[in-house]
Amino acid sequence: MIKEIIVVEGRDDTVAIKRAVEADTIETGGSAINAQILRKIELAQQRRGVIVFTDPDHAGERIRKIITNKVPGVSHAFIKEEDATRKGDIGVENASPEAIREALSRAHTTYEAAKPLIDWQDLIEAGLIVHPDASRRRMELGNILGIGYCNGKQLYKRLTMFQISREEFVNALEQIEQEGS
């Protein structure tokens with residue numbers, strides 16, 4: 001049984017989560033997250049903790065941002081896009097139980113007062129921004145670190161918010177280079 005309550009987008013996501021782990025969920029009802037759902041999430045965070053586990057798409061990111069802004073200290077689990085895609089449809093409900101368990105095991109807690117451990121120059125030198133292959137490299141880095149895909153600005157924020165260490169960052173870059181060879 002997972003102690004934290006997992007926030008998902010819909011009923012099909014809850015079914016997929018329950019196939020993978022024993023856990024309670026809160027469903028946002030899609031991207032139209034309302035004040036009543038946010039109050040539930042706040043209470044859940046106070047009592048047991050929350051893991052936000054939304055789809056790796058624009059709507060999922062929007063829900064993450066809303067929850068993170070309203071409920072400090074929540075954790076985030078990110079599933080790889082390829083693990084959540086079936087017949088062109090992207091969603092947690094499409095993921096295998098193994099992929100869901102892996103994503104949950106790598107959940108990160110937000111830390112809003114965090115100081116950056118990785119700076120913009122590091123991102124430039126690593127080819128993660130201002131580079132012809134930056135988008136692919138960010139996707140791979142996000143998958144390795146378990147922080148999901150994001151643009152350069154979001155990457156900087158997530159590296160800081162989740163306090164990804166320089167060592168984790170360098171190891172992930174080395175893995176990208178090895179796999180690219």
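## What counts as a cavity

On a 1 Å grid over the protein atoms alone, a cavity is a set of points where a 1.4 Å probe fits but cannot get out; its lining residues have an atom within 4 Å of a point. This is a predicted model, and totals for linings use all residues, while local features need pLDDT of at least 70. Residues are numbered from 1 along each chain as its sequence is written.

## The cavity and its lining

A search of the whole structure finds one cavity of 30 Å³ or more. The largest cavity holds about 100 Å³ of space, a volume being the space filled by probe spheres set on the points.

Its lining includes Phe 78, Ile 79, Lys 80 and Asp 83. Also among the lining residues are Ala 99, Glu 102, Ala 103, Asn 143 and Gly 146. Two elements each give two or more residues: α4 (97–105) and α6 (134–145). Helices here are DSSP runs (H or I, at least four residues). The largest share, three residues, comes from α4.

## How α6 meets α8

Helix α6 also meets α8 (residues 166–180): their axes come within 10 Å and cross at roughly 120°. Axes are lines fitted to C-alpha atoms over the stretch in contact, with angles from 0 to 180 degrees between N-to-C directions.

The contact (heavy atoms within 4.5 Å) involves Arg 137, Glu 140, Leu 141, Ile 144 and Leu 145 of α6. From α8, the partners include Phe 169, Ala 172, Leu 173 and Ile 176.

Notes
This is a predicted model: local features need pLDDT of at least 70, side-chain atom pairs count only at pLDDT 80 or more; totals for chains, interfaces and linings use all residues. Side-chain values use heavy atoms; hydrogens and water are left out. On a 1 Å grid over the protein atoms alone, a cavity is a set of points where a 1.4 Å probe fits but cannot get out, and a pocket is an open set with protein on both sides within 12 Å along at least five of seven lines; lining residues have an atom within 4 Å of a point.
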